[in-house]
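Visitor: I am new to this structure. Could you take me through some of its local features?
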Amino acid sequence: MIKASLRIALLSSLGALALAGCGDAKTDPSKEQDVIAKVAAPAGKSWSATVSKTADGGYVMGNPEAPIKVIEFASLTCSHCADFSRDASEELKRDFIDTGRVSLEMRNFIRDPLDASAAAIIRCAPTERFFPLMENAFASQADLFAAAQANPKGGEAAMALPPAQRFPALAKAWKLDQFFQSRGMTGDQVNACLGNLDNISALEKSTNSAIEQYKIAGTPSFIINGQLAEGIANWAPLRDRLRTMGVR
């Protein structure tokens, strides 16, 4: 049901800004484990500056062989995801990822055309720019919403266009092109990125795969060493879980 709604929202209409929930939580207890030894980063580089793409369509920050692997499913239009980015970023990098004991893989979980457009543009940027652009978009979430809400007619007109023209037109109507141009991308890059429907389809496919494989129903959601971390939707409980697992 979610899968069908997602496709309709991206390809047929503006859709709602909440196809999946935001911040759903349950209890997920865990026993304290032994402390894990730190792993040195490559010479002259920190683990938090080590970023690569993954075969599953994510971007991983940190030691690729870290004993604790965290996958975050995040939506750029989810306020709880923006809260997590604000609260977690500095401490997560400094105390967990830079120790070499934890890696963070982020996968976009798209919920609406604004989310899909912004996510596609970010993924068209150089790999090392992925996390900074994601963090900046989360920090600017209110501005992105305001720009989209300020031009509803422009958004509706864009959604009436053929798919290959739709997303570049949405970016212009919602001023996403200006947003990302001010952060280092050119207008031509934005248009080329959004004019290639494979970029949108890849996001849709990975989101549907997350629903099917991990039963993701809300964002942010976290997979820790292959298991859905129920009850964790913000930084404090995730930090406590990682400490319990031996990062302390």
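Visitor: Where is the place of Asn225?
Guide: Asn225 is in the loop between E7 and strand E8 (227-228). Helices (H or I, at least four residues) and strands (E, at least two) are DSSP runs, numbered from the N terminus. This is a predicted model, in which local features need pLDDT of at least 70 and side-chain atom pairs count only at pLDDT 80 or more, while totals for chains, interfaces and linings use all residues. Residues are numbered from 1 along each chain as its sequence is written, and side-chain values use heavy atoms, with hydrogens and water left out.
Visitor: What is phi of Asn225 near?
Guide: Phi of Asn225 is near 50 degrees, which is a positive value in a residue other than glycine. Asn225 counts as partly exposed, at 38% relative accessibility. Buried means under 20% relative accessible area, exposed over 50%, and partly exposed in between (1.4 Å probe, protein chains only).
Visitor: And Lys175, where is that found?
Guide: Lys175 is in the loop between helix H7 (163-173) and helix H8 (176-181). Its phi is near 60 degrees, again a positive value in a residue other than glycine.
Visitor: Turning to rings, how many aromatic pairs does a search of the whole structure find?
Guide: The search finds 7 aromatic pairs. Rings of Phe, Tyr and Trp (its six-membered ring) pair if their centres lie within 6.5 Å; planes under 30 degrees apart count as stacked, over 60 as edge-to-face and the rest as tilted. One of the pairs, Tyr59 and Phe130, is stacked, at 3.9 Å centre to centre with 5 degrees between the planes.
Visitor: Which parts of the chain does that pair link?
Guide: Distant ones: Tyr59 is in strand E3 (residues 59-61) and Phe130 in helix H4 (residues 130-139), 71 residues apart. Both Tyr59 and Phe130 are buried.
Visitor: Why is the pair of Phe84 and Trp235 edge-to-face?
Guide: The ring centres of Phe84 and Trp235 are 6.2 Å apart and their planes are at 75 degrees, so the pair is edge-to-face. Phe84 in helix H2 (residues 79-97) and Trp235 in helix H11 (residues 235-244) are 151 residues apart.
Visitor: Which residues do ring pairs link into a cluster?
Guide: The cluster consists of Phe84, Phe96, Phe222 and Trp235.
Visitor: One last topic: which peptide bond is cis?
Guide: The bond from Thr219 to Pro220 is cis, with omega near -5 degrees. Pro220 lies in the loop between strand E6 (218-219) and strand E7 (221-224).
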